[in-house]
Amino acid sequence: MSEIILESRSINKSFHDPVTVKILNDINFKVNKGEFVSVVGKSGCGKSTLLYILSTMDTDYEGELLIDNIKMTGKTEAELAHVRNEKIGFVFQFHYLLNEFSALKNVMLPGLKLGKHSEQEVEHRAMELMKKLSIDKLALKDANQLSGGEKQRVAIARALINDPDIIMGDEPTGNLDKKNSEIVFDILKQLTIEFKQTMLIVTHDPEFAGKTQRVIEMEDGRIIRQ
Amino acid sequence: MNLRLIVSIAKSLLLARLKQTIVAAVGVTFSITMFVTLLGFMTGLNTMLDSLILNRTPHVRLFNDIKPLEVQPIDASGKFKGAYNFISSIKSGAGRKEIYNSGAIIQRINEDDRVLGLAPRINAPVFFNDGAIEITASINGIDVVEEMRLFHFNEYVTTGNPIDLKNVSNSIVLGKALAEKLLANIGDVVQLTTSQGERFPLKVVGYFESGLLDFDKTQAYASIGTVQKLLGKDKSYVTDLQVKLNDILLAPAVAKEYAILFQTDTEDIQTANSQFETGSRVRSIISYTVGITLLVVAGFGIYNILNMMIFEKMETIAILKATGFSGNDVKRIFMTIAMTIGVVGGLAGLLFGFLLSSLIDQIPFNTAALPTITTYPINYNIAYYIIGVTFALITTYFAGFFPARKAGKVDPVIIIRGK
């Protein structure tokens with residue numbers, strides 16, 4: 001029996017403006033440790049909304065969310081921020097690096113926030129990660145000097161800095177050309193194999209999804225296949 | 001650790017928007033500069049104008065006023081009890097103007113530890129004889145050393161050495177305007193006649209300029225001994241005792257106490273010069289109002305710039321929150337930005353305020369009315385600097401508080417989805 005990292009128990013969500021529209025309808029699923037899961041579905045099926053709930057950023061839902069068997073539902077904003085910091089790594093579609101900082105500092109920030117290691121250690125870890133993703137040459141460049149593929153790799157390094165329980169991605173390859181998409185996918189794949197890193201990736205790219213271990217398919221706010 | 005991280009993030013955000021930051025800080029700097037300069041200048045002027053009067057006014061003055069008896073003999077007599085008294089034109093008694101038993105009173109007052117010092121004085125009306133013309137004036141017999149120590153007498157003697165009054169026998173210091181009327185130069189001898197008709201020659205050793213022209217036209221100073229001689233009185237004759245206290249605020253109470261204790265008339269400085277205090281207070285209120293208005297305006301500047309910065313940095317805020325910074329952390333980052341602007345702008349404001357004050361202090365300011373003043377007066381009281389920087393911090397705190405709270409409440413989902 002493998003360990004459950006993420007569990008969604010009958011999660012429902014509706015938008016109320018201007019009329020009530022149900023976005024998510026009774027979502028139930030579990031993600032085991034080390035799994036590489038992709039969530040696919042047409043645009044507007046609610047897969048991104050689900051990801052934001054699972055990532056604890058959106059708290060306006062019904063049902064229960066458990067990460068590492070700890071109930072997230074009902075926690076305060078500050079507690080959830082800590083959970084995101086420690087247990088979740090994010091990779092977004094539009095890179096979302098902080099342009100005010102160098103690539104290295106971008107990777108370091110969540111580690112510094114967690115404060116588990118000294119600044120030197122965090123910097124050392126960040127450099128190791130960047131080496132592994134072969135972006136160590138870019139460390140001292142400003143975030144806005146990097147190309148799309150480079151940014152996404154920096155974002156992956158940032159997601160990994162605190163050894164998270166799970167990495168969540170929202171269309172991490174959506175904005176990249178084929179070559180870069182492949183590089184990013186290979187990195188993610190390698191992470192699951194080498195480090196047993198759990199992945200939950202939302203994508204509308206069937207090719208990407210097809211290469212993952214497990215596919216959760218959504219339609220109109222429901223899971224139709226998992 | 002966390003604080004250091006927040007400060008370093010705030011620093012990066014500030015530096016990324018250096019121009020805006022500088023504009024906001026310059027707003028604070030300008031207002032603090034003006035605040036400090038305005039208050040320094042205003043209170044400098046206030047102090048100068050007040051000291052024109054207050055420096056040479058005793059805190060408590062003891063004297064014997066000429067006035068009719070409060071209880072007339074006819075009222076005291078039992079014979080006319082119940083009768084109506086209609087005697088008019090009652091004269092004041094031929095009381096002496098001198099303070100009785102002055103030696104003992106002086107000794108007693110000098111022993112009082114609330115008292116900084118005491119200067120006896122004789123005030124007598126005299127006529128100056130200038131050929132056929134007689135000019136009415138009054139001569140003040142003063143204890144030169146005490147008068148210089150307590151009432152800045154030396155500051156008002158613009159020509160000649162005041163101590164000569166003591167060292168040169170039968171000498172006099174004339175009001176500048178009076179001396180001009182008499183055409184009396186230093187070293188000249190002027191003739192004066194006392195109210196008893198005695199005529200005396202006195203040697204002019206200096207001119208006196210008080211800043212009040214009317215005063216200078218009618219006043220002259222001589223040593224207390226000279227005036228006693230002039231009036232034919234003995235060594236204990238004094239008409240006024242001028243007391244300077246350590247704390248000016250005690251004056252009314254001390255005046256009352258002495259009136260009873262020494263059986264003389266007394267007057268305190270607050271009663272004698274109440275209008276000066278009112279004037280100073282109104283001027284101070286105006287300067288504070290203007291200064292604080294400037295600071296509030298600067299506060300709105302910071303508020304605007306921070307608000308703008310938050311709109312620009314929505315993505316940054318969202319990503320910080322997504323990677324584990326709580327709303328409070330984000331709030332602290334923006335508060336740090338606001339306070340940095342406040343502190344840097346405020347300190348620069350203090351520096352520029354000091355420089356501007358010093359500059360004003362160098363501007364020549366010559367007026368016939370104020371002989372001792374050569375440049376515009378500035379008060380460098382540290383209190384204004386402290387008030388200024390405190391207010392700057394308070395305004396920036398509030399100017400930063402609301403935008404920072406807004407930043408703390410930014411919902412990362414809306415920003416990240418919205419792209």
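Select helix H2 (residues 18–54) of chain B together with helix H15 of chain B: their axes come within 7 Å and cross at roughly 40 degrees. Axes here are lines fitted to C-alpha atoms, for helices over the stretch in contact, and angles run from 0 to 180 degrees between N-to-C directions. The crossing of H2(B) and H15(B) is right-handed, a term for a near helix turned clockwise from the far one by less than a right angle, with anticlockwise giving left-handed. The residues of this contact of H2(B) with H15(B) divide into 15 nonpolar, 13 polar and no charged. Ala, Val, Leu, Ile, Met, Phe, Trp, Tyr, Cys and Pro count as nonpolar, Asp, Glu, Lys and Arg as charged, and the others, Gly among them, as polar.

The model is predicted, and local features need pLDDT of at least 70, side-chain atom pairs count only at pLDDT 80 or more, while totals for chains, interfaces and linings use all residues. Residues are numbered from 1 along each chain as its sequence is written, and chains are lettered from A and ligands numbered from 1 in the order in which they are written. Helices (H or I, at least four residues) and strands (E, at least two) are DSSP runs, numbered from the N terminus.

Next, display both chains. 22 residues of chain B are in contact with 23 residues of chain A, where contact means that the C-beta atoms, placed from the backbone, lie within 7 Å. On the side of chain B that touches chain A, helices H1 (2–16), H14 (314–322), H15 (327–362) and H17 (412–418) each supply at least two residues. That side of chain B divides into 10 nonpolar, 8 polar and 4 charged residues.

Move to helix H3 (residues 103–114) of chain A. In H3(A), 11 of the 12 residues are buried; a residue is buried if 20 or more other C-beta atoms lie within 10 Å of its own, exposed if 12 or fewer, and partly exposed in between, with C-beta atoms placed from the backbone. Among the buried residues are A:Leu104, A:Lys105 and A:Met108. The cover over H3(A) includes helices H2 (77–87), H4 (119–132) and H5 (148–160) of chain A, together with H1 of chain B. After H3(A) comes A:Gly115, whose phi is positive, near 70 degrees.

Now select A:Phe208, in helix H7 (residues 206–210) of chain A. A:Phe208 is buried, with 22 other C-beta atoms within 10 Å. Beyond its neighbours within four places in sequence, A:Phe208 is in contact with A:Ser38, A:Thr173, A:Phe185 and A:Thr203.

Still in chain A, select strands S1 (residues 4–15) and S2 (residues 21–32), which run antiparallel and are joined by 8 bridges. Two strands pair if DSSP finds at least two bridges between them. A hairpin joins S1(A) to S2(A) through 5 residues, and A:Ser8 has A:Phe29 as its bridge partner in S2(A).

Finally, return to chain B and select strand S3 (residues 133–142). S3(B) is joined by 10 bridges to strand S2 (residues 115–130) of chain B, and the two run antiparallel. In their hairpin, which has 2 residues between the strands, B:Gly131 takes a positive phi near 65 degrees. S3(B) is also joined by 5 bridges to strand S8 (residues 219–223) of chain B, and these run parallel. The bridge partner of B:Ile139 in S8(B) is B:Ala220.

Key. Contact = placed C-beta atoms within 7 Å.
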